[in-house]
Each structure stands twice: as C-alpha cells, then as structure tokens.
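We'll hop from stop to stop, and at each one you'll get something to select and something to look for.

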Amino acid sequence: RSWRMRSDFSLGTFYPNPDCVLSHVLSCPVSRPSPSRRTGHYNVQRARPGEKPPYQRCNSQDSLDELALDDYWKEVEIIQHTGDAEQQEEVQLKVADEGEQEEAWLTEAGLATLFDESAADGEDSMVLLSTLTRTQAAAVERRVETLKQTLRKRNKPYSVPDVRDIFKPSPALDTKVSEHSGVGNGAEPGGGGAETETDINLEVSFSEQALSYRDGSKVTQPINEADDKLPVSVRLRDKTGMTKVGDLSAADMKKVRRLVLIEMTALFDTAGLDLKTHKPLKIRVKESGLFGVPLSTVLEQDQRRVPGTRVPLIMQRLISHIEEEGLHTEGLLRVPGASTRVKTVCHELELKFYDGLFLWETLKQHDAASLLKLFIRELPHPLLTVEYFSAFISVLKFPTKKQQLQALNLLVLLLPESSRDTLKALLEFLQRVIDHKEQNKMTLNNVAVVMAPNIFMFKGFRSKITEQQEFAMATGMANIVRLFIRYQNLLWTIPKFVMNQVRKQNTENQRKMNRDRAVKKLLKKMAYDREKNIEKVEKSSEAEGGIIRVQAPQFTKVSMAVQLTEELQASDILTRFLSQDSSVSVKREDLCLFEIGGNIKERCLDEETYMKALLELNPAAEWVIKSVQR
C-alpha cells in the first residue's frame, strides 16, 4: 500500500550517512522489490493525459518541497528506461587499509616528510607548516597522531616525529584569527551582526570561522542569524582583487590545492564530520569515442584536434546547438527526447562528429538536451569524482548555510582541472537556461531537480542502494546542484586567506633561494647584482613616488609609466594601454594585466583590482600585460 513519507526538505536537511551510503553503493548489491521509485515512499500527482504538469511547484526558491521532486523521479525513470549508451563496468571502491588514509592525506597535502624522511620537498613542508592556522595545524596533528598509533599497533618501525616537535609554539599558530590568516579588515565570525546577509567572509580561514561559531553556540543561541541565511547574491569585494581558478601559475595552484585540502579537512573536523576520501579501483573503460569514455580521454582526443581545449568539444557543441534553437522552449532539459532517436543520434555522433560529417540541423533541441545529460551521466567516473563524492553529499550536514557554501567552495577547488572546467561550463549553461524561466518554465528548483540524477548517479549507483536511501538522498543531491548553480561565482573563487598563505610561502622560499644563491654564486654574480641593485633603486624610487612601470612585451618594447592613485584599477591600465597603442589587434576581453614575482609566481588580475592596494601587498612585483585564452 502506498503511503506518504513526511520529511523536511529545507536546504541543509539530509538523512543518510554519506560514507555508509557510498560504501554501500560501490560494494554491496541490494535486491529491489520493485522498479518503481515511488512505491512504498509517497504518492505523486500525475497529470492527466493531455494536461500539462505544473512546472512551478513551490513558491520559494530557497527550499524544495515534496511535489518539486516529482520531476526528479520522472528523470530517474527516463534514465532507467533509456538504458546505457554502452555497457561498461560499474565503479568499484578501494577501501584504504588502516593508516593508508593518513599516509595518502599527508602525501597529498605535501607533508610526506612527516612520516617518510626520504620524501622530497622537506624544506617546502616546513614552510607550509609555518603558515597554517590553529585549526589547520590541528587537522595535521590529528592525522600524524593517528598514523603513529596505527604503526605502533602493527609493531612497525616508524620515523613519525612527535607532534609537539612539529608544531612548536610560533606566531603563525597563534590562536588569534586575524594574525595567522593574513586578515586585513575581515569581520570576526559570530560577532553579532558584523556581517550582512550578503557577505561571505573570504579573508578569515573558514575553519576558524566555524570554530568561532561552534564555541559561540555553546554560550548562547542563536549566535548570529546571518550565519544561517543564504544571500540572494554574494558580494565579492577585495581591493587587491579576487582570484579565480585559472588566474594563477601551475606552481602557485599546487600550493593552493595543498592548503585547500588541509583547510577542508580542518573545516570538517571542526564541524565534527567524518571526512573520508575513496579511491576507485581500475575498471575496463572505452579507450576512444564520445559517450561512456573517461573525461581525460575525451579531452586528449579533443586537444589533438584543438590545442588548449579545456571542455569536451562534444559538450560545447551540444550546448551551442541547444542555445541556437532558443532557450525559451518550454520544458527545456525536463522534456526528454525520443529514446530510440536519441540512441540513433548517439551512434551517429560517435561515427561522424570528429570528421565534421554530422548534420546538426537535423538534431531536435530536446534530443540535444538528452544527449548532453547522457554525456555527463555516462562518464565512467562521476564528474564530482569518486574521491570526493561522499564529501560533496556531506556538505548539507554543516550547521549553517554559509558553512555549506564554504565547504562547497573548497571541494570545487580540489576537483581535478578537467572535472572543474567541465562542471563550470555546465553550470554556466544551466544558469542561462534559468535566465529564460519566464518562457521555458524552468526555475532554479526545476533545473536542479532534473539535473541532480545526471550529475550524481554514476554507473552502478541506483542498483546498489535501497529505495529508502535513494529517497532520502534525492533532496540532498538536488539542493547541492541548486547551490552549484546559484553560487558558482563564489565557488570558483580562491579565498583570500588561502592566497595570503601562498604569498607567505613564496616570500619564505624566495628568501631561502636568495641565501643559497649568495653562497653558491657570490663571485659570479657580483657584477650582475650591482646592476640589479641599481635597477631596484630606480624601481624603488619610482614606487615611492607612486609610479609603476607596466610592460607589454607581446606588443611593444616600450614600458608604460603609470601614476598610482587610490582609485586606479587594473581595468584603467588596460584601457590606457589600448588607447596609446592602436596597433594592438587583440580584443579588450582577451587582455589581462599580470602581477608577476615578489610573493606570487604569476597572477592574472581581476579588472576591479585597486593597484595601489596591491602594490602595498606585493611591492616587489612586476606588471605585465599579456593576451590570454579565456
């Protein structure tokens, strides 16, 4: 007998333990009494034949009610009936042995020397440790101690140092948030209304903010209503410029990733959430083609044809075709294409796409949308990766919505570059669909509900969980997709406190490098150093006079002297450069002013960067205009 399950569908409510569910999904088959996803769960209101279903099912876009999930289950049934494009092995989980998890984590965080003296980058590890906040240091301590205990149980010889030797008292590990986070004027979290509803604090370590919230909540309730509100829009403001994924050099991004891993772990620890990553076992996959092929393989194929490709060409072309047909089409993404026709087109694309022989004018819009969803869900490994799948699901267990956004921000930064770029392209397209909601009837909720099964349900997902688990997980998945779409501008931003830690590492590394050079090449470099000192004196005098020199070696041999003012932004320098050099044929949007050297390797500046404020942060930097591939 059918019955309705009562549950709270507000954002942030989530039921199953994601680690248990993921392990269950990837290793334990479950018998299913019925193919229906609704039997035994809840009744749904079906439209009568010929009657249009109600698209706008809930008044609020801040929550998903029971009826709003109707499209979710319809999409699941469509996926089930469509079947796989190709038969492929199901993802299998590799469960780490005791101690392996900690060793892998320390290695990924660049701290392998803490358990293996022969590991490289010993000095870099010490520099990294010197920049950690107290919550980040506590996360490292916890993994080191766990590893020591594991090795002791096995009676194995080990060289793991005592945590008291690793984290000796130093200013970097002071308990004051503002000192170890490199905070300028960041408000103290939980401080009674210092933040407005539209502020997300990127200057203070997220885990430190969570610690302040947690400690404050033990004293009084509620601590700060703004902490549990989702802003209508996120205001990202920083005079030294916001840093997006892709703005930094590979060397600095490596540092960012290590810091973000430590910070994310600290955030989960502070919230009392268990964070476990999983490694997929190797499975047999297609070695070429479009659908059901690993993302890395598709991109390798594409890059041989179009160098520099970051998003699969087939995905780009499907999105372009859907948009060419018009985003006003009612039910776009929700209404499926004809199953047999989609399978036929899928086969034709496999044969003709790269040869340019496919007739795009014959492809119907709903079929193209179905193919786009098929491409995403048929990836052998999920777009969000097996490693962090359970962590993404756990996001909604954080006590406040701001912490949920902060956790998502860190997880996005941890994704492999291919997954991150592909996800971003998908989310930007979904936002454009939502922008036409008055015509296509696809609101934020509707799009999130339809796309959630395609993003989260990787190969073998549904066949190995119970109906009750899937029902409970459905809302959580849809809500995470909502956050992805709504706050994608924030989620692809590198927090300022992380950038400050990167700058601190670079400064210390540069100091050590200069000392080494002085010892090894003193005689050889005396004349060179004298010349450089003269240049530095000239440069210093110019900087003291409020002048910087901007170079553009791609376009001219002459540097441009720029007088700094309080209001001068990077965009002003680019505008002045183009007005002075009419021979430059590059489009304005393809130019970027770079900050190079000093305490950063290389950074493409946000056009709203205030140059005087940035010069104070990095007085040794050079300024170069270059063309970039957006």
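What follows is a walk through the chain, from the whole view down to single residues.

**Before you click**

This is a predicted model, where local features need pLDDT of at least 70 and side-chain atom pairs count only at pLDDT 80 or more, while totals for chains, interfaces and linings use all residues. Residues are numbered from 1 along each chain as its sequence is written, and side-chain values use heavy atoms, with hydrogens and water left out.

**Stop 1: the whole chain**

Show everything as a cartoon. You're looking at 24 helices and 9 strands. Both are DSSP runs, numbered from the N terminus: helices are H or I with at least four residues, strands are E with at least two. Of the 630 residues, 52% count as buried. Buried means under 20% relative accessible area, exposed means over 50%, and partly exposed is in between (1.4 Å probe, protein chains only). Now think about contacts, meaning heavy atoms within 4.5 Å. Among contacts in the chain with a separation of 6 or more, 78% are between residues 24 or more positions apart.

**Stop 2**

Select residues 250-270 for helix α9. Its 21 residues reach 30 Å from the first C-alpha to the last, close to the 30 Å expected at 1.5 Å a residue. That expected span is 1.5 Å times one less than the number of residues. α9 is mostly covered, with 17 of its 21 residues buried. After α9 comes Gly272, which has a positive phi near 75 degrees.

Next, pick residues 401-414, helix α15. How many of the residues of α15 are buried? The count is 14 of 14. From first C-alpha to last, α15 reaches 20 Å, close to the 20 Å expected for its 14 residues.

**Stop 3: two loop residues with positive phi**

Select Leu333, in the loop between α11 (313-325) and α12 (339-352). Its phi is near 80 degrees, a positive value in a residue other than glycine. Leu333 counts as buried because its relative accessibility is 1%.

Then jump to Thr385, in the loop between α13 (365-377) and α14 (389-394). Here phi is near 70 degrees, again positive in a residue other than glycine. Thr385 has 8% relative accessibility, so it counts as buried too.

**Stop 4: rings**

Show the side chains of Phe353, Tyr354, Phe358 and Trp360, which ring pairs link into a cluster. Rings of Phe, Tyr and Trp (its six-membered ring) pair if their centres lie within 6.5 Å; planes under 30 degrees apart count as stacked, over 60 as edge-to-face and the rest as tilted. By this rule there are 10 aromatic pairs. One of them is Phe353 with Trp360, an edge-to-face pair at 6.3 Å centre to centre with 80 degrees between the planes. Phe353 counts as buried at 14% relative accessibility, and Trp360 does at 11%.

Now for charges over rings (NZ of Lys or CZ of Arg within 6 Å of the ring centre and within 35 degrees of the ring normal). Lys424 lies over the face of Trp492, 5.7 Å from the ring centre. Lys626 has its charged end over the ring of Phe594, 4.4 Å from the centre.

**Stop 5: the sheet**

Back to the cartoon. Find the open sheet of 5 strands, ordered β6-β5-β9-β7-β8 with mixed pairing. Two strands pair if DSSP finds at least two bridges between them. Which strands stand at the edges? They are β6 (560-563) and β8, each with a single partner strand, so one side of each is left without a neighbour in the sheet. From one strand to the next, the twist averages 30 degrees.

Select 591-597 and 600-604: β7 and β8 pair in the antiparallel sense over 4 bridges. Ile596 has Glu602 in β8 as its bridge partner. In this hairpin, 2 residues separate the strands, and Gly598 takes a positive phi near 75 degrees.

For a parallel pair, select β5 (547-551) and β9 (622-627), joined over 2 bridges. Val550 stands opposite Trp623 in β9.

Finish with Ala621, in the loop between α24 (611-617) and β9. Ala621 is buried, with a relative accessible area of 0%. Its C-alpha is separated by 7.9 Å from that of Ile600, 21 residues away along the chain.

Note on methods
Axes are lines fitted to C-alpha atoms, for helices over the stretch in contact, and angles run from 0 to 180 degrees between N-to-C directions.
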